[in-house]
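Thanks for making time this morning. I would like to walk you through one model, taking a few aromatic rings and then a pocket.

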Amino acid sequence: MENELRLAVLIDADNAPRTALREIMAEVAVYGSATIKRIYGDWTAPNMGSWKPLLLEHAISPFQQYSYTTGKNATDSAMIIDAMDILYTGNCGGFVLVSSDSDFTRLATRLREAGMKVYGMGEKKTPKPFIVACDKFVYIESLKAAEQQASAPSGKSAKKKAPAPAEAESPALSVKELIAQSVEDLADEDGYAYLGDLGTLLIKKQPDFDSRNYGYAKLSRFIAALDGFEIDERHNAKYQGTQVFVRNKK
């Protein structure tokens, strides 16, 4: 696409699981075109060798950063300096920061202050400050789970289906309240909110909001599973498709 967002993908090899690299890069493609793809770490370390075939597969450039001092993460500094260099070249419109390390909180904030779109990807252990510093944050565990569910044989997939409505509600009732309030914020005179706008607002309010965290590939399916919402599908002749609207049950 001509107007596709050009992204710089920067990966902290010390704090990113190599087993999820394929899923990470597939998720990046949803947000834009990965113009720059770099990964940082001490490639002289014996345990880094298993990264090589994965980097070749995705054309990701490894950047060497020696661990000069024990207990200090030199990779962070190299990645931050590179990010600022890329920012000033003006070749990208957004960044994908792949790490579970809170040291990138200030970097994410600075990039957004400069008008950049910032996507974060990390494990569920990622500290909250880094998560909320991003425009959107995706949990790598959710990417892996969604991929495993999608690739499972039909028989096994049926056995391992998404949680039932009651199960989906129980992990976080505050999520249901977040959705209800956001619907109210966007509601028209009939109380309906367009699903596309609702999804955007939910991420603005809570950057790590993702229906995949609750076992649902689509936001519409997650909301339909929650008691308390009405869904209205409307055919749109102009766009030759269906638009989904949501409202709180009265």
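Before I point at anything, one term: a charge is said to sit over a ring if NZ of Lys or CZ of Arg is within 6 Å of the ring centre and within 35 degrees of the ring normal. Please keep in mind that this is a predicted model.

With that in hand, look at Arg 234, whose charged end sits over the ring of Tyr 192, 5.0 Å from the ring centre. Arg 234 also lies over the face of Phe 245, and here the distance to the ring centre is 3.9 Å.

Phe 130 is buried, at 0% relative accessibility, Phe 137 is buried at 0%, and Tyr 139, at 11%, counts as buried because the limit is under 20%. Together with Phe 104, these residues are linked by ring pairs into a cluster.

Finally, the largest pocket has a volume of about 630 Å³, and of the 24 residues that line it, those closest to its centre are Tyr 31, Lys 136, Gly 199, Ile 203 and Phe 209. Which helix gives the largest share of that lining? That is α10, with six residues, while the lining as a whole divides into eleven nonpolar, four polar and nine charged residues.

Key
Residues are numbered from 1 along each chain as its sequence is written. This is a predicted model: local features need pLDDT of at least 70, side-chain atom pairs count only at pLDDT 80 or more; totals for chains, interfaces and linings use all residues. Side-chain values use heavy atoms; hydrogens and water are left out. On a 1 Å grid over the protein atoms alone, a cavity is a set of points where a 1.4 Å probe fits but cannot get out, and a pocket is an open set with protein on both sides within 12 Å along at least five of seven lines; lining residues have an atom within 4 Å of a point. Grid points are joined across faces, edges and corners, and a volume is the space filled by probe spheres set on the points. Helices (H or I, at least four residues) and strands (E, at least two) are DSSP runs, numbered from the N terminus. Ala, Val, Leu, Ile, Met, Phe, Trp, Tyr, Cys and Pro count as nonpolar, Asp, Glu, Lys and Arg as charged, and the others, Gly among them, as polar. Buried means under 20% relative accessible area, exposed over 50%, partly exposed in between (1.4 Å probe, protein chains only). Rings of Phe, Tyr and Trp (its six-membered ring) pair if their centres lie within 6.5 Å; planes under 30 degrees apart count as stacked, over 60 as edge-to-face and the rest as tilted.
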